[in-house]
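I am jotting down what I look up as I go, and you are welcome to read along.

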4 protein chains.
Amino acid sequence: MTERDTRNAPRGRLDKRQAIIAAALRVFAREGYGQASLDTIAAEAGVAKPTIYNHLGGKENLFRHVLAEIAARSNAKTLAALQTFPTDPQELRDHLNTVGLRLAECFVDEQSSALRRLLHAEIARFPDLFDVVLDSGPNQATEALAGRLARLANAGYLTIEDPIRAARQFVALLTDELPAMTALGTRPINPDDLERAVTAGVDTFLRAFATPTDAPADPPAREAVGPLPG
Amino acid sequence: MTERDTRNAPRGRLDKRQAIIAAALRVFAREGYGQASLDTIAAEAGVAKPTIYNHLGGKENLFRHVLAEIAARSNAKTLAALQTFPTDPQELRDHLNTVGLRLAECFVDEQSSALRRLLHAEIARFPDLFDVVLDSGPNQATEALAGRLARLANAGYLTIEDPIRAARQFVALLTDELPAMTALGTRPINPDDLERAVTAGVDTFLRAFATPTDAPADPPAREAVGPLPG
Amino acid sequence: MTERDTRNAPRGRLDKRQAIIAAALRVFAREGYGQASLDTIAAEAGVAKPTIYNHLGGKENLFRHVLAEIAARSNAKTLAALQTFPTDPQELRDHLNTVGLRLAECFVDEQSSALRRLLHAEIARFPDLFDVVLDSGPNQATEALAGRLARLANAGYLTIEDPIRAARQFVALLTDELPAMTALGTRPINPDDLERAVTAGVDTFLRAFATPTDAPADPPAREAVGPLPG
Amino acid sequence: MTERDTRNAPRGRLDKRQAIIAAALRVFAREGYGQASLDTIAAEAGVAKPTIYNHLGGKENLFRHVLAEIAARSNAKTLAALQTFPTDPQELRDHLNTVGLRLAECFVDEQSSALRRLLHAEIARFPDLFDVVLDSGPNQATEALAGRLARLANAGYLTIEDPIRAARQFVALLTDELPAMTALGTRPINPDDLERAVTAGVDTFLRAFATPTDAPADPPAREAVGPLPG
DNA sequence: CATGAATGAGCCTTCATTCAT
DNA sequence: CATGAATGAAGGCTCATTCAT
């Protein structure tokens, strides 16, 4: 007995919540917390206003849920982008460019940008949200990235003392120009421009952290993935 | 004998405009554009509400004036911080640390932070403000900084291809950790922490751009980091 | 045993719309569009102010609905007054006096007067309303009246070339003195005065349009300003 | 180099009052009492707002002065139009058409129409103004017109019992269609249409009041209120 | 007197929230 | 649970009026 045929209407029993959050996400991102009106959100979600109060209580709570949702999505995207981090020594620059581009794409992603704007806008009203989002997002990504960089360092391709810091600086160098180029995420960016920005960041990163290759190389011969070598 | 404002000042002063902008600046920074109420601003400025409309027209215009004001102040501060940029070769790292600290202090400055938050918050409603502020602030600072860096490069102490990019990256590396450490500018930062962050940024910057001093002199006749040479 | 309003009637009635329109009608008529305040209307209707916005949108729309309502009522009243128009030749003057009195009563009716005042007052702001009201009211009445007069003309009792014009002139002669006598409808009129005014109008109308009764026809044997001496 | 301000400024010593009243007249006529703002009036008069309070006290008083002014002008115009009333028997219809056209032109005059609209609009707020205007305007005109008609009656060309009533009815028949044709005075009227309306009114008036000319003469010999004998 | 500046009051409108169904 | 209807509170803006110059 599948309740499939009740797709449309009766489905709403429970995932109206999803519709509400999705609509709220759009509206909040578009108009900000203060100017966003529950009427608009309700209309855009196709539900009545009190339904919002039934599923989520009030505007403030709705906002928290929305932010948590975007943060989770952005985080997932970013972690996915790091999944394919190169473990292969050769073509280090290319690999960094590739993963850097993925990260930059996450950075300029519409929802990620909206999240940043909303955080900036409402941190005064919701001081706690900042840490919540930070922990559920960038911090995890930084840590993951730091791990990858540490591996490369261990493999001898990079010279890194503090991987966390290096990870942060990698991202800083990658995303350096993006806010100005996208008007804080409100204007789309030309893919070529994005790639150029990434290349510039990676370039400087390598100038700072690439292990000099004067010695004809023969890198530490280890599989590189080996964390914490012996 | 300036009758500044010690006068009985009961009514009709001309500098109420200043009071209004100052109050608006505080209130907008504290509550954001949407939630800030003209009642609050008027009360905080010690004027009646219509006085705001006499001096500046409406909420939107007031906001624009306020943003222009903060942007101008922040820009002035930043340019002042760059004024004393070292042109003297010795102690390059110390000098960069010093000026970096000044820049970082500008970055975490309360008004500067508020400006960043307001821009993020309201860029959707005031798309034009972003470019205005950018041109009247960061862009000028970046250019000034780029000039200083170019001089150092000319003197052989740094190896820089694109001074504008280097300036941007310098700032990016300096301010890298500050948003997280100050909760987007809403929490004061420990001076030691600030210095540590600056030091870290300068360190990486020098790793990337300092001319190798093995050969004490004759500036790096190399292509520098010629991107992806052969 | 009508549960008129003895019901607890605490909230959420549907006929609040009627209450709002009724109250708005009173307030607009009393204070004019510009000075009428939605607070007053809401209070007088026993509803909260936003309820007005739920049922009818905004002040302007409310005004239009109110005017349409009065126009419709006035029109209905006037057409009813014409329903009993005499088709019977004898006692033509009496019949005209009777129907003239009915029309004059419609003219001095409180709501009809208020409608005229509001139209005059706000025609600059609502230029379209004039034609709307005209078509939904006076024009219909004039046409109906013209039909009745034409029938009398056909029957030989009146000599009328252009029935529409005659109808208009009939009304003009009837209502001639009423604005001055009622202070544009703001002061009640003595029924005797009203009747006198009507009689005077009918008299002149008959002098202009009554078919000469040279044929024996027992003319209006009364002296009464007798035109057409004979 | 322009002596612009010498022109109107110093002259303003005393007739700023005139400028204010003229501007107020325009603004009140255009926007009505309620919506007219003293700011607009002051701007249109080229004076500062308090100047209005110096010359005339407050909005209400200004309105009274303005209405008195328009009423006086309209009255003067109307009386002037009656000045040339025919006393000469021949061509009675043409003469009535001529003077009727003049009266109708007074009726559709912009200021006269505005006066009527303002009176309708604000009679509730200024109940006394109605009688003031009536006495200073229409009543005088009616009386003057009645005198002329009485003279014609005395001369045997018209058969009139009550000249005041006849005068009122003459005007009523003349102006019958004008409100509808001019949208209460807000739309200009085609001169031909105006003439047609007047002709129609005069026609009916003559049907009602013209002495039958079968027996060419022996006028009713009554004095009939005839003022201005001779 | 004339003016620029200031103000208290008020209005139209909208919002987040809650009953009652 | 979901909804239509209703509401208290508040916001932005404007106005008629008054000081102080």
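**Entry 1: the kind of model.** I note at the start that this is a predicted model.

**Entry 2: where chain C meets chain D.** I began with the contacts and found 38 residues of chain C touching 37 residues of chain D. Next I looked up the area buried between chain C and chain D, which comes to about 3500 Å². Carbon and sulfur atoms give 57% of that area. I then asked which three residues supply more than any others of the area that chain C buries against chain D. They are His120(C), Leu184(C) and Arg207(C), and together they supply 19%.

Entry 3: I looked up the salt bridges between chain C and chain D, and the rule finds four. I picked one of them to look at: Glu177(C) pairs with Arg168(D), and their closest N and O atoms are 2.9 Å apart.

**Entry 4: the side of chain C that touches chain D.** I listed the elements of chain C that give two or more residues to this side: α1 (16-35), α6 (110-122), α7 (127-136), α9 (163-175), α10 (178-182) and α11 (191-209). The largest share, six residues, comes from α11(C). I also sorted the residues on this side of chain C by type, and they divide into 17 nonpolar, eight polar and 13 charged.

**Entry 5: aromatic pairs.** Over all chains, I find 28 aromatic pairs in the structure. One of them joins Tyr33(B) and Phe63(B) edge-to-face, at 4.8 Å centre to centre with 65 degrees between the planes. Tyr33(B) sits in helix α1 (residues 16-35) of chain B and Phe63(B) in helix α4 (residues 58-83) of chain B, so this pair ties together parts that are 30 residues apart in sequence. Are Tyr33(B) and Phe63(B) buried or exposed? I looked, and both are buried.

**Entry 6: a stacked pair in chain D.** Phe28(D) and Tyr33(D) form a stacked pair, 5.8 Å centre to centre and 20 degrees between the planes. Phe28(D) counts as buried because its relative accessibility is 0%. Tyr33(D) also counts as buried, at 7% relative accessibility.

Methods:
Residues are numbered from 1 along each chain as its sequence is written. Chains are lettered from A and ligands numbered from 1 in the order in which they are written. This is a predicted model: local features need pLDDT of at least 70, side-chain atom pairs count only at pLDDT 80 or more; totals for chains, interfaces and linings use all residues. Side-chain values use heavy atoms; hydrogens and water are left out. Contact means heavy atoms within 4.5 Å. Buried area is the accessible area (1.4 Å probe) that two parts lose on being put together, summed over both. A salt bridge is a side-chain nitrogen of Lys or Arg within 4 Å of a carboxyl oxygen of Asp or Glu. Helices (H or I, at least four residues) and strands (E, at least two) are DSSP runs, numbered from the N terminus. Ala, Val, Leu, Ile, Met, Phe, Trp, Tyr, Cys and Pro count as nonpolar, Asp, Glu, Lys and Arg as charged, and the others, Gly among them, as polar. Rings of Phe, Tyr and Trp (its six-membered ring) pair if their centres lie within 6.5 Å; planes under 30 degrees apart count as stacked, over 60 as edge-to-face and the rest as tilted. Buried means under 20% relative accessible area, exposed over 50%, partly exposed in between (1.4 Å probe, protein chains only).
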